[in-house]
Amino acid sequence: MSPSRPPAQMPSLSMRVKSSVIMGITGLISRCFLHGFNTVETHGLAQFRELLDSRADPEKRERGLLTGIFSPSFILCCINIFLYFSNHVSVLDDPMVWGLLPLSYAFNPNNLRWTLGAHDICFKNQLFSSFFTHGQVLPCHRSKHSPHGGLFQPCMTQAIRLLSHPSPSPPASPYYTTTGTDSILSPLTHPQHRRYSWVHVFPEGLVHQHPDVDLRYFKWGVARLILESEPSPDIVPMFIDGTQKCMAEDRGFPKFLPRVGKTVRVTFGGVLDYEATFGDLKARWDELVRRETKKGNTTKTVGWLWKTAVIEQTDDGDGDGQRQVGELTSEELRNGREAREIRIEVARRMREEILRLRSERGVYKESEESFGRAETWRVDKGEEGKKYRSRVDGSQINQD
């Protein structure tokens with residue numbers, strides 16, 4: 001049975017104007033920089049635009065969109081719901097990619113991406129918080145900078161619900177908190193307007209500038225988005241090369257200015273066959289959720305963090321329970337062995353899809369297999385600095 005639709009509810013005129021201006025001007029500047037000062041090569045952009053066009057009317061969307069990108073640069077530091085995945089090679093990655101789209105897209109935020117941005121940078125004060133909130137950025141705590149980081153922080157719940165079918169009613173409060181003291185405007189306040197949104201993520205979780213544009217392992221948060229969104233989102237992988245030359249981590253003075261005269265290459269993949277790529281893992285995950293729910297858990301977690309508050313949950317043994325999308329109601333679902341194994345494999349397969357795009361370009365060396373395993377990078381965990389040269393592969397790393 002399809003979920004009941006809440007009555008259409010639009011954000012205020014002020015909010016819509018601010019979002020349109022912020023995202024439109026950012027897209028305009030990005031487009032001018034890319035096409036005015038650099039050489040741009042794209043592959044698959046036409047089919048990606050067709051996908052966006054098919055999602056233009058929120059009322060006609062049937063699932064979210066998730067895009068993931070590998071890119072050696074990233075300006076925000078760091079879904080129909082559409083999930084987008086990419087590499088992360090520069091601080092320019094997020095805004096520059098959307099500069100590839102015609103300006104007719106830039107001023108329509110309802111059909112543009114939501115993404116995650118570092119809380120300590122993008123939400124460090126009220127001005128920044130307002131700017132990035134209207135720029136459709138969710139505050140993400142990075143564990144190296146904050147005790148509130150991790151796989152189960154509120155931004156993940158927000159992202160999962162943006163990708164999923166709308167809640168029958170908006171949340172009780174238009175705001176949520178990520179620390180217990182901050183106050184963030186929730187995009188879920190307008191469920192019908194945000195239905196099946198597009199979420200874009202950088203699964204490496206940091207800027208990784210490898211000489212041959214190879215990929216690190218993918219963080220498990222991407223697995224939560226793929227497994228827990230309901231219904232399963234459309235997933236589009238992406239690969240970027242060239243923005244790391246515009247903002248190389250080892251660049252000299254003036255460091256704050258991007259370099260020009262570079263060639264930026266962006267490859268858009270097609271929508272993945274979800275069942276063929278993740279179907280078996282999704283089935284395992286759903287079965288694990290069903291078993292845990294059927295155990296008759298008497299509690300579920302709510303609040304700004306999963307351990308903030310506990311309320312009663314009744315379960316009649318039929319496995320339906322009271323769990324909401326994005327909520328994990330037991331320790332086994334959060335940190336159990338099987339849950340971890342499933343997430344690791346989902347992240348590995350997502351990485352393989354982006355590597356496939358990389359391979360299709362035919363100009364890169366074969367990827368180092370060990371780079372796809374988290375244990376390979378443990379040697380870097382002792383690094384005190386947030387910007388350093390990796391002892392594993394000699395790449396430039398930026399976690400700042």
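A nonpolar core is a set of buried Ala, Val, Leu, Ile, Met, Phe, Trp, Tyr and Cys residues joined through side-chain atoms within 4.5 Å. I started my notes from that term.

**Entry 1: the cores.** I am working with a predicted model. I looked up its largest nonpolar core and found 51 residues in it. I226, W285 and M350 have the most contacts inside this core. Several elements each supply at least two of its residues, among them β4 (113-118), β5 (137-140), α7, β8 (198-201) and α8 (221-228). I also listed β10 (234-241), α10 (274-294) and α12 (337-360) as suppliers of at least two residues each. The most comes from α12, which gives 8 residues. I then noted a second, separate core of 24 residues. F48, L100, M238 and F268 are included in that second core. For background, nonpolar side chains tend to be buried together in soluble globular proteins.

**Entry 2: W285.** Which residues does W285 touch, not counting those up to four places away in sequence? I read off L227, E228, L328, L333, A339, I342 and R343.

Entry 3: I checked α8 residue by residue. My list for α8 reads G221, V222, A223, R224, L225, I226, L227 and E228. Charged R224 and E228 are on this buried list too. Next I took helix α7, residues 154-163. Here 9 of the 10 residues are buried, so α7 too is largely enclosed by the rest of the structure. The buried ones are P154, C155, M156, T157, Q158, A159, I160, L162 and L163.

**Entry 4: F239.** I placed F239 in strand β10. Is F239 buried or exposed? Its relative accessibility is 1%, and the cut-off for buried is under 20%, so F239 counts as buried. I also looked at F239 against V266. They are 27 residues apart in sequence, yet 5.8 Å apart in space, C-alpha to C-alpha.

**Entry 5: backbone points.** I found a cis peptide bond from E230 to P231, with omega near -5°. P231 lies in the loop between α8 and β10. Another cis peptide bond joins F253 and P254, and its omega is about -10°. P254 sits in the loop between α9 (243-246) and β11 (263-268). V213 has a phi of about 55°. I located V213 in the loop between β9 (207-209) and α8. V213 is buried, with a relative accessible area of 3%. For Q136, phi is near 65°. Q136 is in the loop between α6 (126-134) and β5. At 2% relative accessibility, Q136 counts as buried.

**Entry 6: the largest cavity.** Q136 came up again here, as one of the lining residues of the largest cavity. I sorted the lining into 4 nonpolar, 4 polar and 2 charged residues. The space in this cavity is about 40 Å³.

**Entry 7: confidence.** The protein averages a pLDDT of 83, and 83% of the residues score at least 70. Over residues 1-8 the pLDDT is below 50, and beyond near neighbours in sequence this stretch has 12 contacts in the model. Residues 298-321 also stay under 50. I noted 54 contacts for residues 298-321 beyond four places in sequence.

Technical notes
Residues numbered from 1 in each chain as written. Predicted model: local features only at pLDDT ≥ 70, side-chain atom pairs only at ≥ 80, totals over all residues. Heavy atoms only, no water. 1 Å grid on protein atoms, 1.4 Å probe; cavity = no way out; pocket = protein on both sides within 12 Å on 5 of 7 lines; lining within 4 Å. Points joined across faces, edges and corners; volume = space filled by probe spheres on them. pLDDT = per-residue confidence, 0-100. Contact = heavy atoms within 4.5 Å. Buried < 20%, exposed > 50% of the residue type's maximum accessible area, 1.4 Å probe, protein only. Helix = DSSP H or I, 4+ residues; strand = E, 2+ residues; numbered from the N terminus.
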